[in-house]
Amino acid sequence: MTIMKYARLGVVSAVVLAFAATFTGTAAAAPLPVVGPGSGFVTTGGLDDLTACSIAAVGYDDAGRLVALTAGHCILRTGLPVTLVGSPAAPVGTTAVGHWGPDYGVIVLDPTKVTPVSSLNGITVTDIGVGSVGQPVCKSGLGSGLTCGSIVDNRGSDLMSDAITVWADSGAPLVAGTTLVGIASHASGTPLVSPTAYASASESVRLLGASGAAGAGFRPIGS
């Protein structure tokens, strides 16, 4: 009887261990946070390093790094941890490039911590192109979500659009169809009333390529 009792305890113990292993494996395999056009992010570091912005597109550079385009003024300094809004558990990358005129920036993402996508929240980015006056466009950002309109002016390195923005939309994608034409920079006057200035995506990527910095040779996911 004692032998049978120990045998049964052994079976029970094995079942418990198997269940625990399965549960642990399931927890470890939890889905990675999704990052794509319009994703909101926060940079952290010191008190002067806190900012909330949006991502224009995710892709790869010539060095094979997984990177994201955003606004240059969202990169307060290089090497800051980047955390996705809604997934605050751990940083998913670091700031790398901040450029003004046009206003573009680059985040280097950790491919083991995110699932990169080309479509998110009603916006898809498959390539980079030039915007033209009168072209219908839409943007998606952390601050005001999805807004649409048209390009009302082309100032070379900047496009003006009545697809309006608010704070935290900085870095958001402006798309014509599935072509990224602009990166949200700033409202030309009162947010939600005045047209927004978007950095020309094609000019930003051209200058980024010439710089040889992280993000050089940027090509969107799925392109």
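Analyst: Accessible area here is what the Shrake-Rupley method gives with a 1.4 Å probe. For this protein, which is a predicted model, the accessible surface comes to about 10300 Å².

User: What share of that accessible surface belongs to carbon and sulfur atoms?

Analyst: Carbon and sulfur atoms account for 63% of it. As for the rest of the overall picture, the protein has two helices and 19 strands, and buried residues make up 41% of its 223 residues.

User: Why is lysine 139 called buried?

Analyst: The cut-off for buried is under 20% relative accessible area. Lysine 139 has 0%, so it counts as buried. You'll find lysine 139 in strand E13, residues 136-141.

User: What makes the pairing of lysine 139 with serine 144 a polar contact?

Analyst: The limit is 3.5 Å between N or O atoms, one able to donate a hydrogen and the other to accept it. The two side chains come to 2.8 Å, and the pair is listed as a polar contact. A polar atom of the lysine 139 side chain also lies 2.9 Å from the backbone oxygen of glycine 145.

User: What makes E3 and E19 edge strands?

Analyst: Follow the order of the open sheet of eight strands: E3-E2-E6-E7-E8-E5-E4-E19, with antiparallel pairing. Strand E3 (51-54) and strand E19 (219-220) each pair on one side only, and that makes them the edges.

User: Why do E4 and E5 count as paired strands?

Analyst: Pairing takes at least two bridges. Strand E4 (residues 57-60) and strand E5 (residues 66-70) have four, in the antiparallel sense. One place to look is valine 58, whose bridge partner in E5 is alanine 68.

User: Why do the buried residues of H2 line one face of the helix?

Analyst: The buried residues are Ala201, Ser204, Val205 and Leu208. Seen down the axis of H2, they fall within an arc of 95°, so they line one face. An α-helix has 3.6 residues a turn, so residues three or four places apart point the same way.

User: Which strands do the buried residues of H2 pack against?

Analyst: Among them are E5, E7, E8 and strand E12 (127-128). Helix H2 (residues 201-211) lies across E5, strand E7 (93-99) and strand E8 (104-109), at about 65° to E8.

User: Which peptide bond is cis?

Analyst: The bond joining glycine 101 and proline 102, with omega about 0°. Proline 102 lies in the loop between E7 and E8.

Methods:
Residues numbered from 1 in each chain as written. Predicted model: local features only at pLDDT ≥ 70, side-chain atom pairs only at ≥ 80, totals over all residues. Heavy atoms only, no water. Buried < 20%, exposed > 50% of the residue type's maximum accessible area, 1.4 Å probe, protein only. Contact = heavy atoms within 4.5 Å. Axes fitted to C-alpha atoms, helices over the stretch in contact; angles between N-to-C directions. Arc of directions from axis to C-beta.
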